[in-house]
Amino acid sequence: MKFQENSELLQSNAFIDSSGTGSNSGIRKTCSKTVILGVAESDAHVVANKLIEARLKASGYEVVNLGACTPLSEFGQAYENHPESVAILIGTLNGHALQDLSDLLWMKQKFAVNCPVIVGGKLGLSPGKAQRVGQTLLNRGVDALINDIEDVLSYIQQGQYGLAKTG
């Protein structure tokens with residue numbers, strides 16, 4: 001699901017649609033080619049994770065793959081170890097993204113995350129729930145919701161990052 005049916009999300013300054021457009025509100029752009037990748041804490045689905053890792057590597061990125069069932073603190077620690085990272089990618093398929101990412105703002109602050117956090121996958125069992133969850137995640141610190149790896153690559157390469165509204 002790409003959320004393209006929902007005009008509210010498409011108009012969000014933190015949502016990137018398949019055209020790769022978005023706003024740039026201050027996250028630094030670096031020359032690094034490191035991406036931190038993992039699957040949300042309550043989710044053990046790794047097939048897409050491995051495919052995304054392979055595609056990132058084929059595009060010249062160094063991938064720090066944290067695997068499945070990754071707590072936010074581990075994403076933060078990985079960023080602390082790789083502060084040059086251009087993105088943190090978090091996958092989820094089980095519909096528990098709100099719960100798994102509830103402390104995202106805390107993690108971004110504690111570890112001084114200065115790159116976009118991109119979430120992809122299945123956010124809810126119904127399109128309506130997925131849209132509501134997506135908007136809530138953007139409000140809670142997710143920088144972009146992108147489900148297509150080519151769109152993720154375009155987003156990272158263009159450096160068109162936008163911080164989600166937090167208040």
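What covers the buried residues of H2? The cover includes strand S1 (34-39), strand S2 (62-65), S3 and H7. This is a predicted model: local features need pLDDT of at least 70, side-chain atom pairs count only at pLDDT 80 or more, and totals for chains, interfaces and linings use all residues. Residues are numbered from 1 along each chain as its sequence is written, and side-chain values use heavy atoms, with hydrogens and water left out.

**Overall build**

- The protein has 7 helices and 5 strands. Both are DSSP runs numbered from the N terminus: helices are H or I with at least four residues, strands are E with at least two.
- Along the sequence the pattern reads α-β-α-β-α-β-α-α-β-α-β-α.
- Of the 167 residues, 49% count as buried. Buried means under 20% relative accessible area, exposed means over 50%, and partly exposed lies in between (1.4 Å probe, protein chains only).
- Take the contacts (heavy atoms within 4.5 Å) between residues at least 6 apart in sequence: 78% of them join residues at least 24 apart.
- The protein exposes about 7600 Å², and carbon and sulfur atoms supply 51% of it. Areas come from the Shrake-Rupley method with a 1.4 Å probe; for residues, only the protein chains shown count as cover.

**Nonpolar cores**

- A nonpolar core is a set of buried Ala, Val, Leu, Ile, Met, Phe, Trp, Tyr and Cys residues joined through side-chain atoms within 4.5 Å.
- The largest core holds 25 residues. Ile88, Ile90, Val113, Leu123, Leu137 and Val142 touch the most other members.
- Two or more residues of this core come from each of helix H3 (72-81), strand S3 (87-92), helix H5 (104-110), strand S4 (117-121) and helix H6 (127-139).
- Another core of 16 residues lies apart from it, with Val35, Ile146, Ile149 and Tyr155 among them.

**Helix H2**

- H2 has 12 residues and should span 16 Å at 1.5 Å a residue; its end C-alpha atoms are 17 Å apart, which agrees. The expected span is 1.5 Å times one less than the number of residues.
- Its buried residues are Asn49, Glu53 and Leu56. Seen down the axis of H2, they fall within an arc of 70°, so they line one face of the helix. The arc is that of the directions from the helix axis to the C-beta atoms.
- Exposed residues Val47, Leu51 and Ala58 sit on the face turned away from the buried side.
- Gly60 follows H2, with a positive phi near 95°.

**Salt bridges**

- The whole structure has 4 salt bridges. Each is a side-chain nitrogen of Lys or Arg within 4 Å of a carboxyl oxygen of Asp or Glu.
- Lys57 pairs with Glu53, the closest N and O atoms being 3.2 Å apart. The two are 4 residues apart in helix H2 (residues 47-58), so about one helical turn separates them. Lys57 is partly exposed at 47% relative accessibility, whereas Glu53 is buried at 11%.
- Arg55 pairs with Glu150, the closest N and O atoms being 2.6 Å apart. Arg55 lies in helix H2 and Glu150 in helix H7 (residues 149-158), so the pair ties together parts 95 residues apart in sequence. Arg55 is partly exposed at 29%, and Glu150 is partly exposed at 39%.
- Asp143 pairs with Lys108, the closest N and O atoms being 3.1 Å apart. Asp143 is in the loop between H6 and strand S5 (144-145), Lys108 is in helix H5, and they are 35 residues apart. Both are buried.
- Salt bridges that share partners join Lys50, Glu53 and Lys57 into one network.
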